[in-house]
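Thanks for coming, everyone. Please bring the structure up on your screens, and then I'll walk you through it.

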Amino acid sequence: MARTVKTTSTSSGTLVEDRGAAVTASPVSKRTFHLAVTNLKGGVAKTTTAVNVAWGLVDAGMSCLVVDLDMQANATSDLGFDISEVRDNGLNMASVLRGQCDIESILLQYGDTGLWVAPSSKALTDAERMLSSEIGGEKRLSQKLSAVQGRFDVIIFDCGPNLNLLTINALSIADYLIIPVQTEYLAAHGTLSLLDTVAQVRDNYNPGLTILPILPTMYTAKNSQEQATLGELNRLVSDLVPIFEPVPRATVFSKASAAGHPALRASARSKAVATYRDYVKLILKHIRAAQAAQAKAG
């Protein structure tokens with residue numbers, strides 16, 4: 001696979017990235033935690049959340065793999081990889097799910113860091129359709145990921161904005177679920193519908209799935225409509241799942257995405273970035289508690 005080098009000036013300095021190397025990660029023995037990021041609505045900062053949480057975990061010393069399960073390949077492009085190249089060379093999640101290659105052969109490393117991505121392409125739509133017609137299709141992702149279990153501390157699934165079989169696959173093996181919700185009209189009622197769907201997944205596939213506090217995104221505190229939406233979200237949902245502090249609307253995310261970097265790496269001074277850092281601390285608290293419980297149990 002071709003390599004490309006990209007240099008980007010940021011508020012915190014200059015980043016030089018050597019991208020595009022399909023490299024097999026070094027195997028080590030450890031438990032891998034799985035996080036799914038989903039919402040049945042698009043444009044809610046789902047990929048922004050997946051990529052920035054991933055970088056926050058890497059910044060805390062963990063290794064992290066982002067599995068791009070969205071045919072739009074936003075997580076792939078947000079980390080600066082050429083989605084046309086990923087499409088043309090066939091080294092993507094669609095090929096893995098079809099059994100045309102193994103997942104280790106498609107992994108891309110974000111610079112010289114502990115952050116990796118299993119890239120996506122539009123072909124994922126056909127792969128999902130194929131799985132839908134097969135017995136056991138809801139377990140295919142778990143089977144394909146078995147080769148990299150224990151090699152990463154955390155695997156994050158960036159799901160598409162719909163409840164297709166790929167999302168079911170991700171929810172079926174996730175330890176934790178992150179639900180980003182844009183503070184706009186009808187968001188609260190849409191979240192209730194999603195929670196009902198998640199309850200069905202728990203009952204049928206994954207009773208151990210933990211829903212982390214809902215993450216309101218793109219929030220403008222001075223906007224009365226968004227204030228009302230946040231209030232409605234708290235009224236309808238907070239008895240079921242806690243609501244985290246809203247992430248303020250900020251241009252730092254679109255700028256970082258255009259540059260091919262997580263905002264948490266590209267910008268150190270932002271209230272929105274600080275909110276994501278606090279959310280990462282919450283995730284780390286859950287992971288470390290689970291690790292401690294596992295160690296105590298022997």
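First, some ground rules. This is a predicted model, where local features need pLDDT of at least 70, side-chain atom pairs count only at pLDDT 80 or more, and totals for chains, interfaces and linings use all residues. Residues are numbered from 1 along each chain as its sequence is written, and side-chain values use heavy atoms, with hydrogens and water left out.

Let's start with the pocket. The largest pocket has a volume of about 470 Å³. How is a pocket found? Lining residues have an atom within 4 Å of a point. The volume is the space filled by probe spheres set on the points, which are joined across faces, edges and corners.

The lining of this pocket has 30 residues. Nearest its centre lie Ala45, Lys46, Thr47, Thr48 and Asp78. Helix H1, helix H2 (74-78) and helix H10 are the elements that give two or more residues to the lining. A word on those labels: helices (H or I, at least four residues) and strands (E, at least two) are DSSP runs, numbered from the N terminus. Which element gives the most to the lining? That is H1, with five residues.

Now stay with Lys46. Lys46 sits in helix H1. Is Lys46 buried or exposed? Its relative accessibility is 6%, so Lys46 counts as buried. Buried means under 20% relative accessible area, exposed means over 50%, and partly exposed is in between, with a 1.4 Å probe and protein chains only. Leaving aside neighbours within four places in sequence, the contacts of Lys46 (heavy atoms within 4.5 Å) include Val37, Asp70, Asp158, Cys159 and Pro180.

On to charges. Side chains of opposite charge can pair when their charged atoms come close. Here, a salt bridge is a side-chain nitrogen of Lys or Arg within 4 Å of a carboxyl oxygen of Asp or Glu. The count by this rule is 15 salt bridges.

Take Lys30 and Asp153. Their closest N and O atoms are 3.4 Å apart. Lys30 is in the loop between strand S2 (13-19) and strand S3 (33-37), while Asp153 is in the loop between H6 and strand S7 (154-159), so this pair ties together parts that are 123 residues apart in sequence. Lys30 is partly exposed, at 32% relative accessible area. Asp153 is buried, at 14%.

Next, Arg249 and Glu226. They meet in a salt bridge at 3.4 Å, N to O. Arg249 is in the loop between helix H9 (224-237) and helix H10 (252-259), Glu226 is in helix H9, and the two are 23 residues apart. Arg249 counts as partly exposed at 45% relative accessibility. Glu226 is buried, at 8%. Salt bridges that share partners also make a network, joining Lys46, Asp70 and Asp158.

Now the aromatics. How many aromatic pairs does a search of the whole structure find? Four. Rings of Phe, Tyr and Trp (its six-membered ring) pair if their centres lie within 6.5 Å; planes under 30 degrees apart are stacked, over 60 edge-to-face, and the rest tilted.

Trp55 and Tyr110 have ring centres 5.8 Å apart and planes at 75°, so this pair is edge-to-face. Trp55 is buried, at 8% relative accessibility. Tyr110 is buried too, at 1%. The rings of Phe253 and Tyr276 are also edge-to-face, because their planes are at 75°, with centres 5.4 Å apart. Phe253 lies in helix H10 and Tyr276 in helix H12 (residues 271-297). Both Phe253 and Tyr276 are buried.

Last, two helices. In H10, the buried residues are Val252, Phe253, Ala256 and Ala259. They cover an arc of only 130° around the axis, which puts them on the same side of H10. That arc is taken from the directions from the helix axis to the C-beta atoms. Just after H10, Gly260 takes a positive phi of about 80°.

In helix H5 (residues 124-132), Leu124, Ala127, Glu128 and Leu131 are buried. Their arc is only 100°, which puts them on the same side of H5. Among the elements covering them are strand S4 (64-69) and helix H7 (165-173).

How values were computed: 1 Å grid on protein atoms, 1.4 Å probe; cavity = no way out; pocket = protein on both sides within 12 Å on 5 of 7 lines; lining within 4 Å.
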